[in-house]
Each structure stands twice: as C-alpha cells, then as structure tokens.
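Work through the exercises below with the coordinates open. Try each task before reading its solution.

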Amino acid sequence: MTNDAPRHRRALPTLAVLALLATPALADPPNPTLGTIERKDARFDRLIPKDAVIEQLAKGFIWAEGPVWIPKGDYLLFSDTRQNTVFQWSESGGVRSFLKPSGYTGQAPRDGEPGSNGLMLDLAGNLVLCQHGDRRIARLEEGGRFTTLVDRYMGKRLNSPNDGVYKSNGDLYFTDPSYGLLKLNDDPAKELPFNGVYRLAKSGELTLLTKDLTFPNGLAFSPDEKTLYIANSDPNRAVWTAYPVLDNGLVGPGKIFADVTALTKTKKGLPDGLKVDKDGNIFAAGPGGILVFAPDGTHLGTLDTGVPTGNSAWGDDGGTLYITAESSLCRVKTSTKGPGF
C-alpha cells in the first residue's frame, strides 16, 4: 500500500543503489497489454473508457507492491518485497533501481519478503516506507538514512507493517499483518498475539484501532475521510470492511463492504491494496485484479490482470491508475481521477 499524493512537496533525495541487480526488462513500445477489462454495471463506463486497456510497462519483478506517484519529478516508485528494493519508473527513463535495501537493513541473509511494501508521502513530501524486514515504519532522509517513526506497540515489536495512508491532518493509519515474518503467525519472533490496525498520530502517539482482522492489508479513506476501508487478505474471510471514522480520529465498529471469499476459488489473488477516486469509488486489488466498487458497494467491473495483484496508485494528472500485478508494472488510463488532482 499507499496513499494518494498531496499536491505540493519537495523533491526526494537522489540515492546510490547499494547493490547491483538485474534491471527488469522494459516492454517495447507500443506497450503490450495484460489481461482484460470486465464491465458489470453501466456506471463502470463513466470511470474506465470503453477503449481502455491494461498496459504492461515493465516486467521481471518477483512481487511488485506499494506504488506511489511522485509529482515533483513525474515518476512512480514501487517496492519489490522479495528483492528488498524500491524501483523507479518514468515515461522517459523506464525502470531503474532507486533504493536498496528498502525494508531489511540487517546483515544476515534471509528469505521471504524482507523488503519495503507500502510507500507513502507524508505532508512534507518525505518518502515513508512500511519495512517488512526491519519491522517498522521509517522515513527516508537525505543521504539515504532511515528515521524510525514507529516499531513497537506497548513495548513489543510490530509484526511487519504492510500498508499505510495519511489523513489530511498528518496522522498515519497503517496495517500490521505478519507477511514479513518467515513463518507468518507461527513465527517464533512474533511478539504481538494479533495482527493490528493502528493510528500513529502526528504527535507520535500510537493507538490500536482494531485487532479483529486476521490479515489486515491495504487501506484507504473515503474522500471526505469519514470512512476507512481495510482489506483482509485471508482466503477464509476475503473481505473489505468499512469503518466509520470518529471525530477523535479513532474508528467505530466496522461493516463488511464486500465479500469475495467465494471468488478466491476461481480467481487469483486476495484483497490487498486499495485506492479511492474523487467520487468515492473504490479500486481494490483482489481476486482477478483491480475490482471497482461504487460507494454503495456495487461491484461495477474489474481490471482483470489475470495474475495476483498487489496494489495501485493514481498518477500523472490523476487520470492514470498504475498497478503492481505480481511480476509486472501496469497502467490504465481512466475517465475519473484520484482525490486531490
């Protein structure tokens, strides 16, 4: 995961790559397409043009995740959780390595998904990373240093922060499943007996919002910030839940917004990262690709990538949805836009 970018922010630091690795193969123009677009409701046609396709911009990653658009620079950043790397993509420059290590700074080799996952920009324009391997949320500083924003709850280490979204007041809401631990919930290094959703207030105070979701993953606010949508990546309970946001910034009891548990039996993927557009439609990575829901919960259509799909982010002028789909980076031109563009 990631949040939609504020309009004004300073440039991010230029970083030296700390390890050599193969650059993923770029798609030769014209870009090939991936998957299909399925239309289930007439309202979908107002969001996705009838001639739209899913363009494959680059491929060769292991598990692409957490995209975020950088307006000052006109480029996209995204994680590869397995390669412990943040990549950069731009129309003019294609793909290059931007940051390695991105989520695990230890010296001992390790398997699994140690890298960064969700990427966000805070209100000052700093890059903030959910770091699986280091089990923290950190801010990237000039020169490539990391500053820890949060790594413990009540003295116990977090599991592996996965995705986050900033509220307009500067508070950070994030999920903390166990995907960064080698044995997930059974890992002996797991210190918390649950997988939580938290608010890190601008003041630095950390509050547990809920521990009711088995594998909380992507999350996003409605445009008016009165609802917080959270994905649950559990094949036995593959749902998105909508939580009312209270005046004090905490959340009330959630209600299931959409249940795709049955769909996981025939389509690849689970509920993962999600974004909303300016009108409150939800673009949610899940079984089959990016499922698009109206604010009333109607499933309008699917950007069906045909592969497990991790997340998406609004970019360019807000009318492009960039998608991280397993080993590929893709995009779809839309008729709608992300909030704030």
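Buried means under 20% relative accessible area, exposed means over 50%, and partly exposed lies in between. Keep in mind that this is a predicted model.

**Exercise 1. Which backbone angles stand out at Asp74, Met154 and the Lys100 to Pro101 bond?**

Step 1. Recall the background. Most residues other than glycine have a negative phi, and most peptide bonds are trans.
Step 2. Check Asp74. Its phi is positive, near 50 degrees. Asp74 belongs to the loop between β3 (64-70) and β4 (75-80).
Step 3. Check Met154. Phi is positive here too, near 50 degrees. The loop between β11 (152-153) and β12 (156-157) holds Met154. With a relative accessible area of 74%, Met154 is exposed.
Step 4. Check the peptide bond. From Lys100 to Pro101 the bond is cis, with omega near 5 degrees. Pro101 is in the loop between β6 (94-99) and β7 (116-121).

**Exercise 2. How many disulfides does the whole structure have? Are Cys130 and Cys330 buried or exposed?**

Step 1. A disulfide needs a pair of cysteine sulfur atoms within 2.5 Å.
Step 2. Search the whole structure. The count is zero.
Step 3. Classify the two cysteines. Cys130 has a relative accessible area of 0%, so Cys130 is buried. Cys330 is also at 0%, so Cys330 is buried.

**Exercise 3. Describe the largest nonpolar core and the surroundings of Ile323.**

Step 1. In soluble globular proteins, nonpolar side chains tend to be buried together.
Step 2. Size the core. The largest nonpolar core has 21 residues. Ile48, Phe283, Leu303 and Ile323 have the most contacts inside it.
Step 3. Trace the strands. At least two core residues come from each of β22 (282-286), β23 (289-293), β24 (299-304), β26 (320-325) and β27 (328-333). The top contributor is β26, with three residues.
Step 4. List contacts of Ile323, leaving out residues up to four places away in sequence. Among them are Ile290, Leu303, Thr309, Leu329, Cys330 and Val332.

Notes:
Residues are numbered from 1 along each chain as its sequence is written. This is a predicted model: local features need pLDDT of at least 70, side-chain atom pairs count only at pLDDT 80 or more; totals for chains, interfaces and linings use all residues. Side-chain values use heavy atoms; hydrogens and water are left out. Helices (H or I, at least four residues) and strands (E, at least two) are DSSP runs, numbered from the N terminus. Buried means under 20% relative accessible area, exposed over 50%, partly exposed in between (1.4 Å probe, protein chains only). A nonpolar core is a set of buried Ala, Val, Leu, Ile, Met, Phe, Trp, Tyr and Cys residues joined through side-chain atoms within 4.5 Å. Contact means heavy atoms within 4.5 Å.
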